[in-house]
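We will go from stop to stop, with something to select at each one.

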Amino acid sequence: MKKLLIALLFSFVSTSAFAGGHSPCGVTDGSIKILANEFTTYRIFMDEVKSCAGEGADFSVTHSVDHNKLQVAALSANPAEFSAKLVTNGSITTLMNDNLLRPLDDLVAKYGSALQDNQKIVIDGKIYAIAFMANAQHLWYRESILNDLGIAVPSTYEEVIAAAEKIKASGKMANPYAGAFKSGWNVAQEFVNMYLGHGGEFFKAGTAEVSINNDKGVAALNMMKRLTEVSNPDFLTQDTNAVKEEWESGNVALMHVWNSGAASLLDDEGDQMIKADTRLANSPSVGGGSVPATTLWWDGFGIATNTSDENAEASFRALLGAATSTEMANANPNATIWLIDGYSPGDTAGPVVDAANRGAAPYPSLPYMSLLHGALSTEIVEFLQGNESAEKALADVEAAYVAKATEQGFL
Amino acid sequence: MPHKTFFWFFFPSGLAMLLFIGLPIISSFFQSLHIEPEQILMEVEKCDPFGCKTETKVDIEATSKLQEEQPLGRFNGLGTYVDRNHLAFDQIKEAWNNSSSMSDFIDIMLNLPFYKALLFTLTFCFAVTPPVVVLGFIVALSINTLTKSLKGPTIFGVILPMIVTPLIGSLVLFWMIDAKGILGSTIQYLFDDPNLSLKSSSQLTWITLIIYGIWHNTPFAFVVFYAALQTVPQDPIEAAIIDGASRYERVRHIVIPHLYPVATFIILICLMDNFRVLEPIIGFAAEGVAQSLSWMIYNDLRSENKMLFGSAGATSMLTIIGVAFLLTPVLIRTWREFRTER
């Protein structure tokens with residue numbers, strides 16, 4: 001009886017949600033192999049993809065924090081190692097550079113009636129990806145600690161440092177601030193945030209010529225240095241997931257991490273005292289600017305060029321089913337900001353909306369941005385350790401970028 | 001052995017070496033002479049949840065046409081070898097002309113990625129190999145004197161570091177030396193400095209990596225020395241005992257000379273192995289402060305963009321040349337020993 005009820009309920013839900021188009025779920029043939037980043041929100045999304053794919057489909061998903069480094073090699077092979085990849089406005093460009101994602105217009109016409117227009121990532125008139133969530137890094141704080149010391153919620157990075165120093169002086173915590181400063185992608189992302197917060201431009205307009213060795217670049221680096229001085233001394237080895245662990249262990253009172261972190265920080269696991277004390281705040285501005293020092297991101301999926309049409313269709317259907325699942329979105333309103341039709345945002349959406357309203361820029365989708373990101377990821381480390389000057393570090397970044405961009409044919 | 005017999009004896013392994021070592025090296029060399037074809041850019045409209053705007057994109061059609069015409073890429077000669085990310089001749093020349101003192105020049109040079117990596121690689125090689133040989137010898141000597149029943153379990157315990165996969169071994173140590181880990185907090189307690197972190201300073205990270213290298217490599221030296229110890233002739237030792245030689249004198253004048261060729265072999269293998277150091281750098285998340293030549297190749301092939309085959313090929317060639325330089329003295333020595341023994 002109960003089974004019947006569930007079946008009825010399910011059929012009702014699916015017909016109402018997908019009225020007017022082919023239902024995407026219940027894939028019976030083709031294999032679905034997905035490469036994705038590793039964090040809780042993606043796990044929630046993938047559970048939905050799997051249930052949409054159904055029992056009959058050959059389904060596998062690989063979660064890896066190194067997804068960006070694997071994607072080009074994995075999708076270049078023919079047939080590709082994965083039929084689909086979860087992409088962001090950061091990672092899609094390298095795939096587009098090599099023509100590794102296929103246009104989805106036909107599949108969208110067939111199955112995509114429940115999609116909202118802003119979910120379609122359109123490049124040169126063709127749909128190349130379907131977005132399902134928006135994300136941004138912003139400030140998190142421990143309310144009781146700030147209240148005890150009479151500290152107002154910081155709205156600029158200068159205030160963040162003052163607050164962290166006050167907490168440190170009070171003896172409550174040795175290293176009250178945390179950010180993802182792991183050498184590699186993370187530390188470069190922190191620089192991107194901080195540089196944009198200072199109003200910087202990465203390239204000379206319309207060219208691949210880098211220009212970051214300027215006052216804004218130096219100011220951005222110096223601000224990062226001051227933040228690392230109030231962070232755990234192991235900051236160079238801590239990525240976002242490690243920072244969240246520090247938070248859940250109660251070692252940190254202020255941090256700048258992703259909005260989607262709410263999915264694991266505000267769940268029922270871990271220390272509930274800390275969870276009850278965790279608050280989200282808007283991303284701080286820096287250096288007297290008005291723009292928050294953060295970037296806007298969308299997360300979505302793309303389908304590999306080098307996979308059979310059958311597998312492409314199967315993967316598209318399963319992923320689309322999740323990317324249009326109002327039930328999943330509303331069952332996990334705080335996991336992220338879903339871009340799905342009928343989703344009513346939870347109480348954690350505020351900082352991302354605020355960042356967008358205050359003019360935070362989307363992460364730059366330029367073909368050569370990943371090369372600069374790569375150069376930043378190793379060349380600014382020595383500065384953060386105090387072994388070289390900011391100007392020297394930025395000159396090194398530029399030189400490393402020029403050598404790589406030349407080899408790739410951009411310069 | 002007649003030359004003909006030797007030829008047919010050696011032929012299968014020679015063929016395998018040619019196919020699986022020789023040809024890939026030649027292919028890497030050719031790839032290292034080329035760079036990617038020019039990327040043709042175009043302006044297109046891009047729309048995403050944050051709105052529409054005109055942005056640059058690679059013109060796939062035009063670029064892939066270029067790629068079909070030149071599948072290896074553009075010929076760049078030795079350009080990749082001398083660019084800033086490799087031998088950096090231009091930068092070195094400039095530094096030589098502009099630097100005020102020798103230390104200034106060396107600073108600039110060691111800031112260039114290739115030389116930075118070379119410095120770490122060589123430091124690692126020469127800091128790890130001697131302790132490995134000495135420790136391996138001492139451990140082998142000590143275990144050789146144990147009673148039979150204890151030998152088996154002890155040997156197993158000693159070779160454990162070699163059995164553990166390098167990446168896993170370094171990850172285990174990585175967590176142990178974390179500021180909150182058992183070793184990390186013990187060190188903080190001993191030095192009475194709550195901010196002491198083995199992971200944050202370059203010097204301490206280097207020392208950690210070197211200690212890890214010694215820990216990981218010693219079992220290899222031990223196994224080889226231990227096997228060689230079983231071949232030490234008993235007659236001279238017994239004669240020495242009758243003559244009243246102490247244990248130290250016996251080891252110094254009989255065992256060590258006997259093990260000399262074995263030590264050369266261990267040094268050779270250790271230098272070669274350590275020149276290729278990679279896993280501990282990944283395991284200890286030390287990319288920021290300690291880069292090796294192998295890590296540079298790894299980074300070129302696993303970066304967030306297209307794989308830089310040319311750059312990786314050039315670094316590989318330079319690594320091979322480096323290994324050859326490093327091994328020459330030891331090889332010459334082995335050759336001489338071989339000649340005199342005949």
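The tour below visits one chain, then the other, then the contact between them.

This is a predicted model, in which local features need pLDDT of at least 70 and side-chain atom pairs count only at pLDDT 80 or more, while totals for chains, interfaces and linings use all residues. Residues are numbered from 1 along each chain as its sequence is written, and chains are lettered from A and ligands numbered from 1 in the order in which they are written.

**Stop 1: a strand pair in chain A**

Select residues 31-36 and 58-63 of chain A: these are strands E1 and E2, which run parallel and are joined by six bridges. Strands here are DSSP runs of E with at least two residues, helices are runs of H or I with at least four, and both are numbered from the N terminus; two strands pair if DSSP finds at least two bridges between them. Click Ile34(A), and you will find its bridge partner Val61(A) in E2(A).

**Stop 2: a cis peptide bond**

Next, pick Asn78(A) and Pro79(A), which are joined by a cis peptide bond with omega about 0°. Pro79(A) sits in the loop between helix H3 (67-76) and strand E3 (84-88) of chain A.

**Stop 3: chain B and its alanines**

Colour chain B by domain: domain 1 is 40-75, domain 2 is 77-111 and domain 3 is 114-341, with bounds from an automatic or database domain assignment. Over C-alpha atoms, the centres of domains 1 and 3 of chain B are 48 Å apart.

Most residues other than glycine have a negative phi. Ala88(B) counts as buried because it has 23 C-beta neighbours inside 10 Å (buried: 20 or more other C-beta atoms within 10 Å, with C-beta atoms placed from the backbone).

**Stop 4: where the chains meet**

Finally, show both chains: the contact takes 51 residues from chain A and 47 residues from chain B, counting residues whose C-beta atoms, placed from the backbone, lie within 7 Å. On the side of chain A, H18(A) gives the largest share, seven residues. End at Val122(A), whose bridge partner in E2(B) is Cys47(B).

Technical notes. Buried ≥ 20, exposed ≤ 12 C-beta atoms within 10 Å, placed from the backbone. Contact = placed C-beta atoms within 7 Å.
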